[in-house]
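Hi,

Here is the structure I promised to pass on. Have a look at it first, and then read my notes below with the model open beside you.

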Amino acid sequence: MARKWLTKLAALSLLTTACQSQHQLHEADLLFHVTSSSNPITDVTPDMIDHVAIVLSRDSVIEAVPRRGVTLTPLDSLRRQEGYYIIGRVRRADATLSLLNARSLLGRRYDALYLPDNADIYCSELVEMSLTDSYGRRLFHPVPMSFHDASGRTTDYWTRFYRRHGMAVPEGRPGTNPAELSRRPQVRIIGRLR
């Protein structure tokens, strides 16, 4: 699996120059944020990817972000963030239905606890709930969540984080994360956006 992803990244570097234009974005494409520095999310997931947004138009995305929840964001504001974005095109995604689903979730609060059984939504959960095929079937399904590092140890950050909320770390509960979504077979990485 890691070699397949490295091959995707090698192909991505060849496409970088050709795909930096926002005019090459399609509705319902995914933008995966690749950060240049580690953080609690990248410490427990691969590839330094810590966020994902859904392309609404050439000028905006729908994303779930702390303090703002599910919101519309101008594409240009993404370009001003550190790191860069890789563009993922989702096979069989019906853009009209998917964006209708995403728009119906606008205004929902951000799920800082990353739990599947509440009304709040985190970034990759927004993708999971929104993207469908032309029959309305979801294209992404939850996988067991992981809050441990490469050695298999739950990181101190997540242990303390959930303890502050009076909870055990939800290791293995169903969920998603941006890096894992970027590796799904239905996602084709087509370029880089800066």
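Predicted model: local features only at pLDDT ≥ 70, side-chain atom pairs only at ≥ 80, totals over all residues.

**What I found**

Residues are numbered from 1 along each chain as its sequence is written, and side-chain values use heavy atoms, leaving out hydrogens and water.

**The whole chain**

You'll find six helices and eight strands here (DSSP runs numbered from the N terminus: H or I of at least four residues for helices, E of at least two for strands). Along the sequence they come in the order α-β-β-β-β-α-β-α-α-β-α-β-α-β. Of the 194 residues, 49% are buried (under 20% relative accessible area with a 1.4 Å probe and protein chains only; exposed is over 50%, and partly exposed is in between). The chain also reaches across itself: among contacts between residues at least 6 apart in sequence, 70% join residues at least 24 apart (a contact is heavy atoms within 4.5 Å).

**β2 and its neighbours**

Which strand has seven of its seven residues buried? That is β2, residues 49-55, so this strand is largely enclosed by the rest of the structure. On one pairing, five bridges join β2 to β1 (residues 30-34), and the two run antiparallel (strands pair if DSSP finds at least two bridges between them). β2 is also joined to β3 (residues 60-65), by two bridges and again antiparallel. There Ile-54 stands opposite Ile-62 of β3, and a hairpin of four residues links β2 to β3.

Val-65 has Gly-69 of β4 as its bridge partner. Three residues lie between the strands in this hairpin, and Arg-67 takes a positive phi there, near 70 degrees.

Now go back to the loop between β1 and β2, where you'll see Thr-42. Is Thr-42 buried or exposed? Thr-42 is buried, with a relative accessible area of 7%. Thr-42 touches Thr-35, Ser-37, Met-48, Ile-49 and Asp-50, leaving aside residues up to four places away in sequence. Asp-149 is 107 residues from Thr-42 along the chain, yet their C-alpha atoms are separated by 9.2 Å.

**Three helices**

In α3 (residues 95-104), the buried residues are Ser-98, Leu-99 and Ala-102. They are on the same side of α3, because they span an arc of only 95 degrees around the axis (the arc of the directions from the helix axis to the C-beta atoms). As background, an α-helix has 3.6 residues a turn, so residues three or four places apart point the same way. Thr-96, Leu-100 and Ser-104 are exposed on the face of α3 turned away from the buried side. The cover over the buried residues of α3 includes β2, β3, β4 and α4.

α4 is mostly covered, with seven of its eight residues buried. Among these buried residues are Cys-123, Glu-125 and Glu-128. β1, β2, β3, β4, α3 and α6 are included in what covers them.

α5 has Trp-158, Phe-161 and Tyr-162 buried. Their arc covers only 85 degrees, which puts them on the same side of α5. Arg-163 and Arg-164 are exposed on the other side. After α5 comes Gly-166, with a positive phi near 70 degrees.

**The largest pocket**

How much space lies in the largest pocket? About 570 Å³ (on a 1 Å grid over the protein atoms alone, a pocket is an open set of points with protein on both sides within 12 Å along at least five of seven lines, for a 1.4 Å probe; lining residues have an atom within 4 Å of a point; points are joined across faces, edges and corners, and the volume is the space filled by probe spheres set on them). It is lined by 30 residues, and Ile-41, Asp-50, Pro-66, Tyr-110 and Tyr-114 are the closest to its centre. β2, β3, α4 and α5 each supply at least two lining residues. By type, the lining has 18 nonpolar, nine polar and three charged residues (nonpolar: Ala, Val, Leu, Ile, Met, Phe, Trp, Tyr, Cys and Pro; charged: Asp, Glu, Lys and Arg; polar: the others, Gly among them).

Cheers
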